[in-house]
Amino acid sequence: MNCLAVDCGEDRLLVDCGLLFPSAEAALGVEVIAPDLTFLSAGPPPRAVLLTHAHEDHVGALPQLLRKFPDIAVVGTRFTLAVVREKLKEHGLAPDLREVAARGSFGLGRIEVEPLQVAHSVPDAVGYALRTPAGIVVHTGDFKVDWSPADGRLLDVGRFAELGKEGVSCLLSDSTNSEVAGSSVSEREVSESLARIMGGPLARGRIVVAMFGSNIHRVHGVVRAAIPLGRKVCLLGRSVQQNVRLALDLGYLDCSPDLFVDPEAADHFAPRELVVLCTGAQGEPRSALSRLALGEHADVRLDPGDLIIFSSRQIPGNERSVGALVNRLVRRGCRVLTAENSSELVHSTGHACQSEQRMMIDLVRPRSFVPIHGEYRMLEAHARLASSAGVDKRGCVLAEDGDVIELGPGAFASKAAERVPSGRLYLDSRGAEVVRGPELHGKGVSGLDERRLAQAAGAAREALSELAAAERTDTASIEEALRRGVRSVWKKGVEKRPMVLPVVIEL
Ligand SMILES: [Zn+2]
Ligand SMILES: [Zn+2]
C-alpha cells in the first residue's frame, strides 16, 4: 500500500499508489487491500503521481486514485507505464500517462523532479530526486545494488553520489531487508544456478519454474538456459503472459518470440522439450501452479519425474498453502526444489540488504533520513543503520501510515503533532463471483468504438463490484447494475444512450 504525498505550498504530488495482498490464509474473501485516500480530499488536488516501478504494491491502487482524481498525471518509465496502461484499460480508465526516463528532469509547480535509475526485480525501476525550496529529497523506490543485472541497467551510483555532494536534505529508503546482513545476490548468479539445475540430472521430464509474473530478469535467465537444452518455453498464468508480451514488444526481453509455445500447443512437445514458466508460487488457489498440482490445468498435465522449481521468496503467512501445494506436487511424483530445500540458488531478493542500504546512505549523505517500505521493526533497524553511518539521530524519523513529516530549509525533518486520516479499504470478492466477462456486443450504436467498448466493460465491471454480497446472487440486481454501468459511459443529455440488454449466465 505504498503511497506518499509530498506537499510544497499549493503543489501536491504523490509517489506511488499501491495495494496490499492479504496472505493466502487470511484472505477470507478479501481479495486486496487498498489505501484509504480520503485525506487527499482536503488540500490541493495532486498534480501527478510519480511511479517508481510496476509492482502491484506500488501501482495497484491507481484505479481508486484515478476515480477520485481523473485528471491527475501518471508519471513513470516506459515499462511501468506499459503495464499500468493495460491494467487501467481493464478498469475502463484511460488516464494522462507521461513517460519519463532516468536523469530527465522536469518541473511540477515548485518541485523539480528527476528520475534516478535503480536495479530491482522488475524492468525500468527508478527512484526520484525532488528539488524543493526545502532542499533535495531523494526517494529510492524499491532497489538493490546488482553489479551484474540481467538487463545491464545498474543503480545510477554516479548520480546518487552527485546529489549527495550537492547536499540532500532528506533520504527516504527501502527498508525491506534491513534485518538481513550483507548484500543481495546478483540476478546473474541466480540465472547461472538455474541453468545448472535445468541441465542437470534432476531435469528428466518437464521443467516448471514458478515465479512472480513481473520478474522479467528471471524470465530472461530461464529462457537463456532453455535455448542450449533445446527446450521451448510455455507461459502459464495471465500476469506472466502479459508481462512477457510487453517486455518483448518494448525490447526489455532480448530473445526470439519463436522460443515460446502457446499453452494449447504444449502437448505437441515431449516433456524433455519444454520449460513451463508459471505463476502461483505463493500457493494462490486459482493460479496456474495450483491447477497443475491438482491435475486440472486444461493445457498441461504433469507426469512423474517432472521438476518443479519455486524461484521466489515465500511471503510470510503463506507457509501452509505453499506447503500443501508442494505436497500435492510431490504426490504426483514430481521433484520439487525450493529456496529451503535446494543447495543451488533458486531465487534472489529484489531489495537491498544492510551493506547496500549502507552504501546508499554513504552515497547520498542526507541530513535527514526516513526509512520506508517495511514493517516497523525493519524501519527501526534501518534508522539505526543510518545513525551508525553518521546521520544525526535528530534527523532520523520513524513514520507510520498517516504520519506527517515536516521539512524546512536547513532544518532536520521532524514528525508533526498532527496526523492525517489513513487506513485500509478491504475490497472483497465474497458472494457470487464473476467468472467471465462482461462481454459487450454493439449493434447500431452511435459513437461505439474500441475505446468506448472497453470503457463500458470497465464501468459494468465496476458496477458489479459495488453490489452488496446479497445482491450479487440476485439476477435482477446484476442485470440492473450492468445496464447502469454500460449506459453511464454515454453522456447524459448529450449523446443518445443505447438500449442495453444484459444476459447473465449462472454456473
Ligand atoms: Zn517492488
Ligand atoms: Zn515494493
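## Zinc ion (ligand 1)

Donors here are N, O and S atoms within 2.8 Å of the metal, and water is not among the atoms, so a site may look incomplete. With that in mind, the donors of the zinc ion (ligand 1) follow the spacing H-x1-H-x64-H-x21-D along the chain. This is a predicted model, so everything below should be read that way.

Who are those donors? The protein supplies His53 through NE2, His55 through ND1, His120 through NE2 and Asp142 through OD, at 2.1 to 2.4 Å from the zinc ion (ligand 1). The angles that the 4 donor atoms subtend run from 89 to 167°, which makes the arrangement irregular. For four donors to count as tetrahedral, all angles would have to lie between 85 and 135 degrees. Histidine 53 sits in the loop between strand 4 (48-50) and helix 1 (56-59), while aspartate 142 sits in the loop between strand 10 (135-139) and helix 4 (157-166), so this pair ties together parts that are 89 residues apart in sequence. Both histidine 53 and aspartate 142 are buried.

Which residue bridges the zinc ion (ligand 1) and the zinc ion (ligand 2)? That is aspartate 142, and the two ions lie 3.4 Å apart. Aspartate 142 is buried, with a relative accessible area of 2%, whereas aspartate 57 is partly exposed, at 22%. The cut-off matters for that second label: buried means under 20% relative accessible area.

Strand 9 (residues 126-132) is mostly covered, with 6 of its 7 residues buried. On one hand, strand 9 runs antiparallel to strand 8 (residues 111-117), and 6 bridges join them. Glutamine 117 has valine 126 of strand 9 as its bridge partner.

On the other hand, strand 9 is joined to strand 10 by 5 bridges, again antiparallel. Here tyrosine 128 has histidine 139 of strand 10 as its bridge partner. Strand 9 and strand 10 form a hairpin, with 2 residues between them.

## Helix 6

Helix 6 (residues 216-226) is largely enclosed by the rest of the structure, because 10 of its 11 residues are buried. Among the buried ones are Ile216, His217, Arg218, Val219 and His220.

## Aromatic contacts

How many aromatic pairs does the structure hold? There is 1 aromatic pair. Phenylalanine 79 and tyrosine 252 form it edge-to-face, with 5.3 Å centre to centre and 65° between the planes. The pair links distant parts of the chain: phenylalanine 79 belongs to helix 3 (residues 78-90), and tyrosine 252 to the loop between helix 7 (238-250) and strand 14 (260-261), 173 residues apart. Phenylalanine 79 counts as buried, at 0% relative accessibility.

There is also a charge over a ring to look at: arginine 452 lies over the face of tryptophan 490, at 5.0 Å from the ring centre.

How values were computed. Residues numbered from 1 in each chain as written. Chains lettered and ligands numbered in written order. Predicted model: local features only at pLDDT ≥ 70, side-chain atom pairs only at ≥ 80, totals over all residues. Heavy atoms only, no water. Donors = N, O, S within 2.8 Å, 3.2 Å for Na, K, Ca; no water. Tetrahedral: all angles 85-135°; square planar, octahedral: opposite > 155°, others 65-115°. Helix = DSSP H or I, 4+ residues; strand = E, 2+ residues; numbered from the N terminus. Buried < 20%, exposed > 50% of the residue type's maximum accessible area, 1.4 Å probe, protein only. Phe/Tyr/Trp six-rings, centres within 6.5 Å; stacked < 30°, edge-to-face > 60°. Lys NZ or Arg CZ within 6 Å of the ring centre and 35° of its normal. Pairing = 2+ DSSP bridges.
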